[in-house]
Amino acid sequence: MYIDWSNIETVLLDMDGTLLDLHFDSHFWLDHLPQVYAQKHQLSDEEVQQIMMPLFENHAGTLNWYCVEFWSDALGLDIMQHKQEVSHKIGYRPAAQGFLQRCREQVDDLRLITNAHREVLNLKIEHTKLDQYFDQMVCSHELGAPKEQLEFWSSLHSMQGFDPDSTLFIDDSETVLDAAHAFGIGHIFSIAEPDSQRERAQASKFPMLTSFTSAQEAPLKQR
Ligand SMILES: [Mg+2]
């Protein structure tokens, strides 16, 4: 794992599964919320699966997938309230804060770019103080397209310009990385273990960061 800092001016970082442990999100969507729904409607786990799985499949990778209001309406549940109930599970991936510090020292343009809804981002900031590191925190909802789509990347670029060639982007979603690659982002890394409690489901055609500690061994820019 080697990050060539001397050629990097802008750093774009994903939040869930990259800086923060995806365990919170997996637990919320796959365990906690189905349980809440089952209790509310007096359904078995299997019945809940039959209702939720098609919804998950139909909306994966779209803005709806990441939209608090969409899921609150679709399931008749207060999503933010139920996220609060398990918010003690929100936390950094190993060595992520050291890596953020390193990025902060190395570039003048450090942005969080997330598909998470602003309300969810705020909940995560409350628990991690993640906002202290960034120049900007961009939610894809506010640009009208998720990171999976090229439209997101052109909107991000028109919001505040950056040179794609000298931009580092790290994300745990292969579809998102493909879009970044198609846009021309020069330095792309995937994450080997987004969720501390689960095996990673996908392989990646991009170099995988096995740990943020190894990323810090790379030579630093003279500033
Ligand atoms: Mg992610």
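This is a short walk through one protein chain, from its overall build down to a few single residues.

Okay, before we start, a word on what you're looking at. This is a predicted model, so local features need pLDDT of at least 70 and side-chain atom pairs count only at pLDDT 80 or more, while totals for chains, interfaces and linings use all residues. Residues are numbered from 1 along each chain as its sequence is written.

Let's take the big picture. The chain has 9 helices and 6 strands. Both are DSSP runs numbered from the N terminus: helices are H or I with at least four residues, strands are E with at least two. The radius of gyration is 18 Å, close to the 17 Å that the globule rule gives for 223 residues, so the chain is as compact as a globular protein of that length. That radius is taken over C-alpha atoms, and the rule is 2.2 Å times the number of residues to the power 0.38. Along its principal axes, the C-alpha trace spans about 60 × 30 × 30 Å.

How much of the chain is buried? Of the 223 residues, 34% are. Buried here means 20 or more other C-beta atoms within 10 Å of the residue's own, exposed means 12 or fewer, and partly exposed is in between, with C-beta atoms placed from the backbone.

Now contacts. Two residues are in contact if their C-beta atoms, placed from the backbone, lie within 7 Å. Among contacts between residues at least 6 apart in sequence, 67% join residues at least 24 apart.

Next, the domains. There are two pieces: domain 1 covers 5–21 + 92–215, and domain 2 covers 24–88. Those bounds come from an automatic or database domain assignment. Where the two touch, 16 residues come from domain 1 and 12 residues from domain 2. On the domain 1 side, helix α6 (residues 118–128) gives the most, with 4 residues. By class, that side of domain 1 has 4 nonpolar, 6 polar and 6 charged residues. For the classes, Ala, Val, Leu, Ile, Met, Phe, Trp, Tyr, Cys and Pro count as nonpolar, Asp, Glu, Lys and Arg as charged, and the others, Gly among them, as polar. As for the C-alpha centres of domain 1 and domain 2, they lie 25 Å apart.

On to the sheet. In what order do the 6 strands of the open sheet run? Reading across, it goes β3-β2-β1-β4-β5-β6, with parallel pairing. Pairing means DSSP finds at least two bridges between the strands. At the edges stand β3 (136–139) and β6 (208–209), each with a single partner strand, so one side of each is left without a neighbour in the sheet.

Have a look at β1. Strand β1 (residues 10–13) pairs with strand β4 (residues 167–170) in the parallel sense over 4 bridges. Thr10 stands opposite Thr167 in β4, and Leu13 stands opposite Ile170 in β4. There are also 4 bridges joining β1 to strand β2 (residues 109–114), again parallel, and Leu12 has Arg111 as its bridge partner in β2. Which way do the β1 residues point? Thr10 and Leu12 go one way, Val11 and Leu13 the other, and all are buried.

Now helix α5. Its buried residues are Ala96, Phe99, Leu100 and Cys103. Seen down the axis of α5, they fall within an arc of 100°, so they line one face of the helix. The arc is that of the directions from the helix axis to the C-beta atoms.

Finally, some loop residues. Ala95 lies in the loop between α4 (79–85) and α5 (96–106). Phi of Ala95 is near 65°, a positive value in a residue other than glycine. Ala95 is partly exposed, with 15 other C-beta atoms within 10 Å. Lys129 sits in the loop between α6 and β3, with phi near 55°, also a positive value in a residue other than glycine. Is Lys129 buried or exposed? Lys129 is exposed, with 10 other C-beta atoms within 10 Å.

Pro164 is in the loop between α7 (150–159) and β4. Leaving out residues up to four places away in sequence, Pro164 touches Phe183, Gly184, Ile185 and Gly186. Last up is Ser173, in the loop between β4 and α8 (174–183). Ser173 counts as buried, with 23 C-beta neighbours inside 10 Å.
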